[in-house]
Amino acid sequence: MCGIVGYIGDKNVDAVILVGLEKLEYRGYDSAGVATISKGELGIRKIVGKIWRLAGLLNQKPLGGNVGIGHTRWATHGEPTRLNAHPHVDCNRRISVVHNGIIENYYTIKEKLLKEGHVFESETDTEVIVHLIEKHMDGNLEKAVFKTVKDLEGSFAFAVICEHDPNKVVAAKSGCPLIVGLGRGENVLASDATPVLSITKEVLDIEEKEICVLEKDKVSLFNFDGKKVERKSRVVEWDVEMTTKDGYDHFMLKEIYEQPRVIRDNIRRRINDDYKIDIASDFNLTNGELARVSRIIIQACGTSWHASLVGKYLLEHYCRIHTEVDISSEFRYRNPVADGETYVMAVSQSGETADVIAGIRSAKAKFLKVLSICNVMGSTVARECDGVVYTHAGPEIGVASTKAFTAQLLSFYFLTFYLAKIKWLLSDDELKRLLDELKTISDKMEKFLNSDGKLNKIAKKFYNAKNFVFLGRGINYPLALEGALKLKEISYLHATGYPAGEMKHGPIALVDEKMPVVCIVPKSSVYDKMVSNIQEVKARKGRIIAVATEGDKKIKSIADYVIYIPEVSEIFSPLVVALPLQLLAYKIAVMRKCDVDKPRNLAKSVTVE
Ligand code: M6R
């Protein structure tokens with residue numbers, strides 16, 4: 001994971017790198033550091049902990065200069081100590097490197113370098129990069145980097161500066177994201193576009209096995225063999241304002257409240273006045289090819305996996321496409337049965353999740369077509385697939401995924417209705433009816449978000465509970481999984497999501513008078529079944545917190561607490577059900593004084609296996 005930034009230009013280099021690192025802090029926040037070259041000398045500041053501590057240190061002891069690199073770490077090799085924090089330096093402290101990824105053959109390289117007399121300071125895999133560069137350095141930094149990358153195995157995006165060639169930042173990419181922002185008289189690089197936005201919206205995507213050299217007035221691109229590469233820049237559609245908290249206490253809260261707008265904007269973008277769904281513009285596939293899809297294997301992780309489970313329900317129901325959903329870290333190591341009409345789908349907010357990317361590559365190795373649902377333009381997932389449905393949720397910074405989840409659900413609705421239409425399984429009238437209702441959902445989401453008072457009371461009652469159970473059925477079973485994941489990742493409470501009908505096969509033994517059980521029971525085809533399951537829990541004295549449809553009096557007489565959501569058709573209910581689950585987790589985490597946006601041990605995009 002980890003985030004890297006590099007800058008060359010006339011702005012205050014300490015500040016540019018700090019602001020950039022703040023944007024990338026979601027990628028890891030165990031330790032952080034900056035290196036710059038000022039008046040020909042390399043200077044370094046690093047700390048254990050979050051970026052605000054680094055800001056304090058730089059305030060007391062500024063570095064300055066016109067060229068620098070920075071890093072925010074999610075520890076893999078070596079504990080989060082100051083010595084293990086990046087940037088790392090060579091034996092003579094003239095070269096400095098920041099790195100995202102894992103150097104798998106670091107041990108062998110280190111042994112060799114030790115024998116050659118190099119002195120190591122840290123336990124990290126990264127340090128071998130800087131010593132290799134030192135070994136190969138003969139005055140030209142990029143030449144040393146060309147030689148260094150030949151020795152490295154694993155995944156990396158690293159950036160390096162050097163006193164002996166001080167007017168550049170050189171960076172290399174293989175398996176980890178790297179983007180360059182093209183400014184006027186200044187250039188910047190980072191692990192994603194968010195740090196770049198305060199300088200420019202014009203970016204270059206660095207592709208696999210490429211090296212870029214940033215000077216003040218130019219950026220040069222090469223492949224690992226040293227051959228020059230030409231690439232067109234693109235304009236990022238995100239704004240720098242989108243990456244601020246905008247008055248909210250946390251990014252997560254802001255992102256929860258952004259959902260109605262994201263859904264509304266996406267519907268406007270995707271559905272035209274004639275009820276045509278516009279999603280295939282980023283597909284390298286014809287409608288004829290898409291109409292023949294007979295089987296889909298969706299692979300994803302975490303929240304994106306939960307969205308995919310809802311997707312399965314939709315694709316099977318409307319398109320009659322046999323759909324499997326697999327966790328990417330499992331999918332990549334199995335040997336799925338697949339023929340030419342089987343498509344693989346990758347769902348990912350960041351587009352940089354290592355297991356998802358590996359899943360795409362293993363599918364492509366079997367010559368399968370791969371579609372994706374992805375939030376980040378130009379990300380690895382988006383670039384490697386045959387077609388991508390962008391979720392257009394804007395940057396999601398809170399580690400707990402919220403608006404990306406509902407935007408992924410929306411993309412599944414679009415994709416499903418699109419495929420059902422080209423397969424002749426959906427009439428014009430039915431499509432119109434569905435899309436008309438979909439257009440009303442954002443207002444309903446807004447209505448709920450403007451009236452969430454009940455949740456404070458429930459959170460107050462249960463924030464000290466030891467365990468939580470979340471139950472759902474049918475299309476809302478994945479929402480039970482999602483509710484439990486939200487709660488555990490930000491509040492550190494143990495929570496389990498379960499299909500309600502399966503409770504009696506074991507987990508009901510967990511239920512006693514102390515157990516809060518969140519029951520997702522909107523009006524639906526499985527409403528009565530769900531009510532019976534709730535009665536079973538109630539009979540064991542479980543504390544029922546129901547998420548139910550406005551006006552449902554029956555549930556009020558059974559549950560201890562009811563969170564009412566506006567009435568929506570069963571098919572669209574996950575879009576609204578997600579909101580109380582996200583808010584409940586948020587409020588409990590705040591009451592437990594947890595770091596909501598940066599929960600312990602986690603990082604936003606998991607770029608390691
Ligand atoms: O960027 P991705 O959607 O590929 O990320 C997948 C998971 O790492 C992510 O959803 C994770 O589970 C979130 N922290 C959940 O809130």
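How many salt bridges are counted between domain 1 and domain 2? I found two salt bridges between domain 1 and domain 2, a salt bridge being a side-chain nitrogen of Lys or Arg within 4 Å of a carboxyl oxygen of Asp or Glu.

**Entry on the model.** I note that this is a predicted model, in which local features need pLDDT of at least 70 and side-chain atom pairs count only at pLDDT 80 or more, while totals for chains, interfaces and linings use all residues. Residues are numbered from 1 along each chain as its sequence is written, and side-chain values use heavy atoms, with hydrogens and water left out.

**Entry on the domains.** I looked up the domain assignment, which gives domain 1 (3–239), domain 2 (268–439) and domain 3 (450–591); such bounds come from an automatic or database assignment. Over C-alpha atoms, the centres of domain 1 and domain 2 are 34 Å apart. Twelve residues from domain 1 and 14 residues from domain 2 make the contact, meaning heavy atoms within 4.5 Å.

**Entry on the interface.** I recorded a buried area of about 1,100 Å² between domain 1 and domain 2, with 57% of it from carbon and sulfur atoms. Buried area is the accessible area (1.4 Å probe) that two parts lose on being put together, summed over both. On the domain 1 side, Y26, E237 and W238 lose the most area to domain 2, together 44% of what that side buries. E237 also meets R269 in a salt bridge between their side chains, at 3.8 Å from N to O.

**Entry on aromatic rings.** I found twelve aromatic pairs in the whole structure; rings of Phe, Tyr and Trp (its six-membered ring) pair if their centres lie within 6.5 Å, with planes under 30 degrees apart counted as stacked, over 60 as edge-to-face and the rest as tilted. F156 and F158 form a tilted pair, 5.6 Å centre to centre with 40 degrees between the planes.
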